[in-house]
Amino acid sequence: MKTIDAYNFKDKKALIRVDFNVPLNDQLEVTDPTRIEAAKPTIIKILEDGGSCILMSHLGRPKDRENEFSLKHIVETASGILGVEVKFVEDCIGPKVAAAVGSLEPGQILILENLRFHAEEEKGDVAFAKELAQWGNIYVNDAFGTAHRAHASTAVIAQFFKDRKCFGYLLASEIINVNKVLSDSQSPVTAIIGGAKVSSKITIIENILDKVDHLIIGGGMAFTFVKAQGGTIGTSLVEDDKQELALDILAMAKEKGVEVHLPVDTIIADSFSNEAKSEIADIYKIPEGWMGLDAGPKTRALFTEVILKSKTILFNGPVGVFEMPNFANGTIEVCKAISEATKNGAFSLVGGGDSVSAVKQFNFGDKVSYVSTGGGAMLEMLEGKTLPGIAAILE
Ligand code: AMP
């Protein structure tokens with residue numbers, strides 16, 4: 001895998017696709033700079049080599065050139081984080097950009113305006129990609145958050161940089177860490193798949209069944225499995241049309257020698273509310289009018305036991321409605337078990353959507369081996385798909 005370490009950037013202009021799609025408040029101030037911080041090591045290496053950086057990103061989903069989606073709003077924050085004054089140009093193609101790029105000196109950073117102010121970006125337009133490509137000598141993709149998109153700046157542009165393209169440190173580490181689960185894993189391997197729906201996780205489950213020893217199924221999606229096996233689930237979340245699929249997954253797992261661990265008990269509530277009345281129930285015998293919102297105590301103990309004996313752990317999806325404090329304890333217990341296993345030498349990857357928010361919310365971010373930065377991109381990697389942004393560098 002070719003990373004920026006393959007080049008000395010002295011006197012080179014690096015054209016870097018970053019993911020600076022950060023949240024802004026009503027005053028158009030950056031509220032979470034994590035994505036800018038994540039790109040810092042790549043940018044610093046290039047500057048320290050004696051090169052300059054031209055940063056390309058999108059911000060939000062603009063329909064037009066709307067002020068609220070201008071990347072000028074992130075310039076001050078980026079300058080503070082990178083420790084270098086960041087220059088900004090009001091477009092990403094055209095004469096103004098040519099002038100700004102032309103006067104860029106080694107050690108300097110320039111951010112181009114939101115790529116999505118041009119509809120050609122998301123269309124993957126080749127002519128637009130070629131216009132962008134003229135700004136740099138070497139193309140660096142460090143935008144994991146958009147690596148699953150075949151857009152002009154994320155994938156199409158790479159064809160104009162034959163032998164002059166590489167991964168930034170962030171994108172490279174995402175690939176290395178997901179591969180620690182999918183291809184270079186140490187047994188026993190456990191996947192904890194939770195969250196709301198079976199339908200949104202089915203492709204991941206199918207892909208990982210060949211790679212794991214244990215599959216823990218938790219959260220809302222567990223009820224479809226329980227009902228399919230004859231359980232009574234009250235008003236719990238269920239996808240009735242996926243019951244057969246749930247049975248197929250269980251059969252497939254058995255065939256492949258994967259041990260499936262479903263919840264055995266659950267915290268039931270009389271409404272979908274943090275203030276609801278709650279009790280512990282056998283997950284196969286939930287009374288009418290009640291719904292399961294969290295893993296019960298026996299389930300937590302069962303999941304913890306499996307997690308603690310694992311050497312490789314994937315956590316994708318919470319095992320309860322963790323957004324409500326009264327139903328967050330199952331997910332917190334899972335986070336605790338994962339951090340304990342990690343302390344004992346296991347590799348743990350948290351990736352894809354809400355499990356990332358849960359791990360951060362409960363302060364376990366630095367107690368697991370790796371927290372992925374890309375929701376959709378990580379999901380697609382776990383599904384076994386080839387991401388266009390990655391393929392374009394490898395081609
Ligand atoms: P996902 O994005 O598919 O990982 O789903 C995450 C969502 O699943 C979170 O918002 C959780 O609140 C929700 N969830 C987890 N367990 C349950 C449950 N037992 N009932 C309803 N929703 C749940």
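This is a predicted model: local features need pLDDT of at least 70, side-chain atom pairs count only at pLDDT 80 or more; totals for chains, interfaces and linings use all residues.
Residues are numbered from 1 along each chain as its sequence is written. Local features require pLDDT of at least 70 and side-chain atom pairs pLDDT 80 or more, whereas totals for chains, interfaces and linings use all residues, and side-chain values rest on heavy atoms, without hydrogens and water.

The ligand is surrounded by 16 residues, the closest being Ala196, Lys201, Gly292, Glu323 and Asp354; a residue belongs here if one of its heavy atoms lies within 4 Å. This shell divides into six nonpolar, seven polar and three charged residues, with Gly counted as polar and Asp, Glu, Lys and Arg as charged. A polar side-chain atom of Lys201 lies 3.0 Å from a ligand oxygen atom. Ligand nitrogen atoms lie 3.1 Å from a polar backbone atom of Gly220 and 3.0 Å from a backbone N or O atom of Gly292. The protein covers 83% of the 500 Å² of accessible area that the ligand has on its own (Shrake-Rupley method, 1.4 Å probe).

Side chains of opposite charge can pair when their charged atoms come close. The model has 15 salt bridges, each a side-chain nitrogen of Lys or Arg within 4 Å of a carboxyl oxygen of Asp or Glu. In one of them, Arg300 and Asp294 have their closest N and O atoms 3.6 Å apart, and both residues are buried (under 20% relative accessible area). Another joins Asp11 to Lys10 at 4.0 Å; Asp11, at 53% relative accessibility, is exposed (over 50%), and Lys10 is exposed at 52%.

Terms used:
A polar contact is a pair of N or O atoms within 3.5 Å; within protein, one must be able to donate a hydrogen and the other to accept it, and residues adjacent in sequence count only if both atoms are side-chain atoms. Buried means under 20% relative accessible area, exposed over 50%, partly exposed in between (1.4 Å probe, protein chains only).
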